[in-house]
Amino acid sequence: MDATEHDALEPGRSSRGRASSFGVLWLLVLVAQLLMIWAFPRVPTQDGPVHVASAIAFRDLHAPGTSYGELFERGLEGFPHWTSHLVLAGLTWAVDPTVAEKLLVTLWFLLWPLAARWLAGSVGAAREAVTGVALLLAFGRAFWLGFYG
């Protein structure tokens, strides 16, 4: 059933109105989730502190006064979650590491449902439904384990 057939079954409610209502609901859920992240001093994930520490070590690898260069070497070959470590290391140059992690998590919460929406569209699934489910699952096990990749 396409949008015009569906609109004929529900007079007074267009598919554009449903999309607009979904967008408002999506935005409210997203804001509520981000408020939960920013309302507390730290993001309580299992691996989050390790990600922050490794980002600082990556950033300060050859900085004067640190011994990171004696213990580690910078390898530029790809590995899982490479992007989140680079983004986090870059953010720690500009802001406090705790704030940097919150900014990374905020970016993750914005991109996760959009990636699900793109995936749903590429396989012909209902974009709005998949985006909504992805947003509701954003606080899932992978997030609390600190898997930001």
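Modeller: Let us start with Leu114, which is found in helix α6, the helix that covers residues 97-123. Please keep in mind throughout that this is a predicted model.

Biologist: Is Leu114 buried, exposed or partly exposed?

Modeller: Leu114 has a relative accessible area of 42%, and because buried means under 20% and exposed over 50%, Leu114 is partly exposed.

Biologist: Which residues form a nonpolar patch on the surface together with Leu114?

Modeller: The patch consists of Leu107, Leu110, Leu111 and Leu114, and these residues together have about 320 Å² of accessible area.

Biologist: What does the secondary structure of the protein chain come to?

Modeller: The protein chain has eight helices and zero strands, so that, read from the N terminus on, its elements run α-α-α-α-α-α-α-α. Of the 149 residues of the chain, 28% count as buried.

Biologist: How should I describe the way in which two helices pack?

Modeller: Two packed helices are described by the angle between their axes and the distance between the axes. In the case of α6 and helix α7, which covers residues 127-136, the angle is about 150° and the axes are 8 Å apart.

Biologist: Why are α6 and α7 described as roughly antiparallel?

Modeller: Angles over 145 degrees count as roughly antiparallel, and the angle here is about 150°, so α6 and α7 are roughly antiparallel to each other. Their crossing is right-handed.

Biologist: At what angle do helix α5 and α6 pack?

Modeller: Helix α5, made of residues 82-94, packs with α6 at an angle of about 135°, and their axes are 8 Å apart. The crossing of α5 and α6 is right-handed.

Biologist: How are α3 and α5 oriented to each other?

Modeller: The angle between α3 and α5 is about 70°, with their axes 8 Å apart, and because angles of 65 to 115 degrees count as roughly perpendicular, that is the description that applies to α3 and α5. This crossing, too, is right-handed.

Biologist: We have looked at nonpolar residues and helix axes, so could we finish with charged side chains?

Modeller: Side chains of opposite charge can pair when their charged atoms come close. The count in this model comes to one salt bridge.

Biologist: Which residue forms a salt bridge with Asp60, and is Asp60 buried or exposed?

Modeller: The partner of Asp60 is Arg59, and the closest N and O atoms of the pair are 2.8 Å apart. Both Asp60 and Arg59 are buried.

Technical notes
Residues are numbered from 1 along each chain as its sequence is written. This is a predicted model: local features need pLDDT of at least 70, side-chain atom pairs count only at pLDDT 80 or more; totals for chains, interfaces and linings use all residues. Side-chain values use heavy atoms; hydrogens and water are left out. Patches are made of residues with over 30% relative accessible area and no salt bridge: like charges are joined within 9 Å, nonpolar side chains (Val, Leu, Ile, Met, Phe, Trp, Tyr) within 5 Å. Accessible areas come from the Shrake-Rupley method with a 1.4 Å probe; for residues, only the protein chains shown count as cover. A salt bridge is a side-chain nitrogen of Lys or Arg within 4 Å of a carboxyl oxygen of Asp or Glu. Helices (H or I, at least four residues) and strands (E, at least two) are DSSP runs, numbered from the N terminus. Buried means under 20% relative accessible area, exposed over 50%, partly exposed in between (1.4 Å probe, protein chains only). Axes are lines fitted to C-alpha atoms, for helices over the stretch in contact, and angles run from 0 to 180 degrees between N-to-C directions. Angles under 35 degrees count as roughly parallel, over 145 as roughly antiparallel, 65 to 115 as roughly perpendicular and the rest as oblique. A crossing is left-handed if the near helix is turned anticlockwise from the far one by less than a right angle, and right-handed if clockwise.
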